[in-house]
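Subject: Handover of a structure and notes on its side chains

Dear colleague,

Please find the structure below, together with its sequence. My notes on what was found in it follow directly after.

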Amino acid sequence: MKQNLFKKVTESLAGFFKKYKKVRKVKERKVNKVIKRVELLKMELGQVTKAYDEKIAEIQKLHNKALWKYEQAYQKLLQMNIKHQQGLLSEEELEKQHQEVLPLENSLNKITERLNQVIQYKQDSVIRIVSEIDNLKEKYTESLAEEIKMKSVKIQKQKQAYLKSVQSIGYEYKNVLETERLLKETFESYNFTYKGTMTDSLTLLTENVPVSLDNLVIENEVVNEALIGKIPYL
């Protein structure tokens, strides 16, 4: 008995996951791979550029420091060389200063080489990314055009649904007016006095409901802001 129950549950779960996989595959096919790839590349470009710029700035500081030390030592060497030519400084003292300049020059050359290398790496990475984007630009543009078309059609349908909803609100108000008119006419036809309260009650009950024309209409300026990326209502 237990085995049969376990078998049924297993088969049921297997059927569910099989169905889920099919639904998932359909959903995955709906995702536009070109748009997704280009957006990921744009994100990667920003991240890569930021990372390299931070590294370049870090090495640039070291380069500036090494350059300052080298220039200071080199200027001192030039001054000592003038004194040496004037016979005011020995060859040994001049050579000693020259030996102090050499490691600073080597250090500057290494940092300069490293800086140029990182700049080249950045260029290679950036060119690789933008080249791939460039290769996808036509398919990307076509895909975006399809997205715009689909969303525009969806918006038109939503507009119709919106207008129907607005219309239904109008019907509710109209129903109150017609019902109250019916009551008034019927009572008065039998010589009864009728005091209408439905319209006033409805007005009171819906006083905080945003159903005025100003609340129902979306202005052109608001739509334009949404099109350029601003979301006024969020």
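A residue is called buried when its relative accessible area is under 20%, exposed when this value is over 50%, and partly exposed in between (1.4 Å probe, protein chains only). Please keep in mind that this is a predicted model, in which local features need pLDDT of at least 70 and side-chain atom pairs count only at pLDDT 80 or more, while totals for chains, interfaces and linings use all residues. Residues are numbered from 1 along each chain as its sequence is written, and side-chain values use heavy atoms, with hydrogens and water left out.

Salt bridges

Side chains of opposite charge can pair when their charged atoms come close. The term salt bridge is used here for a side-chain nitrogen of Lys or Arg within 4 Å of a carboxyl oxygen of Asp or Glu. How many salt bridges does the structure hold? There are ten, and three of them are described here, including the one between Lys-55 and Glu-58.

In that pair, the closest N and O atoms are 3.6 Å apart. Lys-55 and Glu-58 are three residues apart in helix H2 (residues 33–85), and therefore about one helical turn separates them. Helices (H or I, at least four residues) and strands (E, at least two) are DSSP runs, numbered from the N terminus. Lys-55 is partly exposed, at 30% relative accessibility, and Glu-58 is also partly exposed, at 42%.

Helix H3 (residues 91–189) contains Asp-134 and Lys-137, which lie three residues apart, about one turn of the helix. Their side chains form a salt bridge with an N to O distance of 3.0 Å. Asp-134 has a relative accessible area of 40% and is partly exposed; Lys-137, with 45%, is partly exposed as well.

Another salt bridge joins Glu-178 to Lys-174, at 4.0 Å from N to O. These two residues are four apart in helix H3, so about one helical turn lies between Glu-178 and Lys-174. Glu-178 is partly exposed with a relative accessible area of 35%, and Lys-174 is partly exposed with 42%.

Aromatic pairs

Rings of Phe, Tyr and Trp (its six-membered ring) pair if their centres lie within 6.5 Å; planes under 30 degrees apart count as stacked, over 60 as edge-to-face and the rest as tilted. The structure holds three aromatic pairs. One of them is the stacked pair of Tyr-70 and Tyr-74, with 5.7 Å from centre to centre and 20° between the planes. Tyr-70 and Tyr-74 are four residues apart in helix H2, which means that about one helical turn separates them. Is Tyr-70 buried or exposed? Tyr-70 counts as buried, at 16% relative accessibility, whereas Tyr-74 is partly exposed, at 33%.

Phe-187 and Tyr-194 form a stacked pair because their ring centres are 5.6 Å apart and their planes meet at 5°. Phe-187 is partly exposed, at 36% relative accessibility, while Tyr-194 is buried, with a relative accessible area of 18%. Together with Phe-192, Phe-187 and Tyr-194 make up one aromatic cluster.

A residue in a loop

Where is Asn-191 placed? Asn-191 is in the loop between H3 and helix H4 (198–205). Although Asn-191 is not a glycine, its phi is positive, at about 65°. With a relative accessible area of 72%, Asn-191 is exposed.

Yours sincerely
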